[in-house]
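Subject: Handover of a structure and its salt bridges

Dear colleague,

Please find below the structure that I am handing over to you.

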Amino acid sequence: MWLGFAVLLLVAVTVDLRVMQRRGAHRVRTREALGWSLAWVGLALAFNLGLWVWLLESEGRALADRVALEFLTGYLVEKSLAVDNIFVFLMLFGYFAVPAEQQQRVLVYGVLGALVLRALMIFAGAALVAEFHWVLYLFGAFLAATGVKMLLFAGERPDLEKNPLLRWLSGRLRLSRGYDGDRFVTRIDGVRHFTPLFLVMVMVGVTDAIFAVDSIPAIFAITHDPFVVLTSNLFAVLGLRALYFLFAGMADRFHLLGYGLGLVLLFVGAKMLVADWYEVPVPVSLAVVASTIATAMLLSLWLPPRRQRRPGAV
């Protein structure tokens, strides 16, 4: 199963890169983003179906059903929490005035770096959980606290000018003032300079890794199986680029989604904290996560956002 997943992941990433290179730099429209989003979701569901068939024939119906539901729940949790990344990506691209034609290239390589970082973090987390059971309580408390924080500060956006990593990179890298097409590195008077595109790519990968600190423990609340944790997580991240272009134009319409994500984190954190006394069935977890996210999105469309008060207004 590990080998099959590795081959599938390699083929999917290779096809994605080939298609991007063939089409060249271009503005990604909603129709194209929708097509790629459906393709990535379809690939994840096809993998889950193949996993279910494999386990059905080798281990029996009970295990096959349980693992398939765990994968689907973990995938949905990751996909939902990935929406928060999109808001930060929007701010990064706006802050650095990244041309629309170059945003896809930045996201592709940023997501590839995020895949490696997430895989390392998942293996480290699995090793900790296997060795120290009490780590699950730390994960649960952290998720619950993060959920409360999201509920309290939903709708607020971080100030990039005060971001310590961005300030550190800007102060230590020799940066060019403008862009040079799709290049990450350019030469000015014979001296190599990194373009702002390189800085944004690094920030995209690191930002995803920071968000993974929340989302990876959330999947460990669903299952402790490293294979299910890794595959559901990486499949969700693979579709992050397409999801960005799909939601970029309507991100503000889902203004209540932050509250939904906060409730999801509270739920999975509480589930992890009480696991030794009561194990919430996986179908119940799936239903709670799906209904919470769907309700937050529907309410966002139904209830208009409150108008922001202009500076100086009484």
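The notes below concern the salt bridges and the surroundings of their residues.

Please bear in mind that this is a predicted model. Three salt bridges are present, that is, the structure holds 3 salt bridges.

Two of the pairs lie in helix 3. In one of them, the side chains of R61 and D65 form a salt bridge, with an N to O distance of 3.1 Å. These residues are 4 apart in helix 3, which spans residues 61–95, so about one helical turn separates them. R61 counts as exposed, because its relative accessibility is 53% and the cut-off for exposed is over 50%. D65, at 28% relative accessibility, is partly exposed.

R66 and E70 also meet in a salt bridge, and their closest N and O atoms are 2.9 Å apart. Here too the residues are 4 apart in helix 3, with about one helical turn between them. R66 is partly exposed, at a relative accessible area of 42%. E70 has 5% relative accessibility and therefore counts as buried, the limit being under 20%.

The remaining salt bridge joins R118 and E78, with 3.0 Å between the closest N and O atoms. This pair links distant parts of the chain: E78 belongs to helix 3 and R118 to helix 4 (residues 100–131), and the two are 40 residues apart. Both R118 and E78 are buried.

With kind regards

Methods. Residues are numbered from 1 along each chain as its sequence is written. This is a predicted model: local features need pLDDT of at least 70, side-chain atom pairs count only at pLDDT 80 or more; totals for chains, interfaces and linings use all residues. Side-chain values use heavy atoms; hydrogens and water are left out. A salt bridge is a side-chain nitrogen of Lys or Arg within 4 Å of a carboxyl oxygen of Asp or Glu. Buried means under 20% relative accessible area, exposed over 50%, partly exposed in between (1.4 Å probe, protein chains only).
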